[in-house]
Amino acid sequence: MLQISTGSSQTWDIDYRPNGSTLVNGEDFAWDLVSLGNGRYHVLHEGRSYSAELISADYTAKTFVLKLNGQLLELQAKDRFDLLLDKLGMSNAAASKVNELKAPMPGLIVAIRVEAGQQVLKGDPLLVLEAMKMENILKAPGDGTIGSIKVTLRDNVTKGQVLIQFS
């Protein structure tokens, strides 16, 4: 089950059945979809023809921009896990922004792979921390921009010390 919304104006509950049928808000949805390539589609529904094009897709944030018959449409998708988090009052837990990177253990900074103002994506390497004769690559916990780097090369750091602040 998916819940698709266009901001606060419209929401649809989409349920794909194992037999190939689709339910929208609990009712059968009969449509014919043909891929034209390069993110373009032709859709037939209730005798009407639609031209659809996928303009952009952020699969991590589950946001999509479609052009439907020449009109831009921004969509937000929520899967069953997102809906469960909403129901439990934890919907903001996944969206919380990380403001700083702290040292997970004491050690020595042996490499700095970013600079202030640089855009980083979740998982990008930021620093190399040597601890117990092992090099540990500290990675970005989320997408963001490096605000400031609080350490320099060859600094000894303590556990919990702020290494990088994000802006």
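Analyst: Two strands pair if DSSP finds at least two bridges between them; strands (E, at least two residues) are DSSP runs, numbered from the N terminus. This is a predicted model, in which local features need pLDDT of at least 70, side-chain atom pairs count only at pLDDT 80 or more, and totals for chains, interfaces and linings use all residues. Residues are numbered from 1 along each chain as its sequence is written, and side-chain values use heavy atoms, leaving out hydrogens and water.

User: In which sense do strand S10 and strand S17 pair?

Analyst: Strand S10 covers residues 100-102, and strand S17 covers residues 162-166. Lys102 stands opposite Val162 in S17. Over three bridges, the sense of the pairing is antiparallel.

User: Is Ser5 buried or exposed?

Analyst: Ser5 belongs to strand S1, residues 2-5. Buried means under 20% relative accessible area, exposed over 50%, and partly exposed in between (1.4 Å probe, protein chains only). Because its relative accessibility is 13%, Ser5 counts as buried.

User: Which residues does Ser5 contact, leaving aside its neighbours within four places in sequence?

Analyst: Contact means heavy atoms within 4.5 Å. With those neighbours left aside, the residues in contact with Ser5 are Gln10, Thr11, Glu74, Leu75 and Gln76.

User: What is the relative accessible area of Trp31?

Analyst: Trp31 lies in strand S5, residues 31-37. The residue is partly exposed, with a relative accessible area of 37%.

Key: Helix = DSSP H or I, 4+ residues; strand = E, 2+ residues; numbered from the N terminus.
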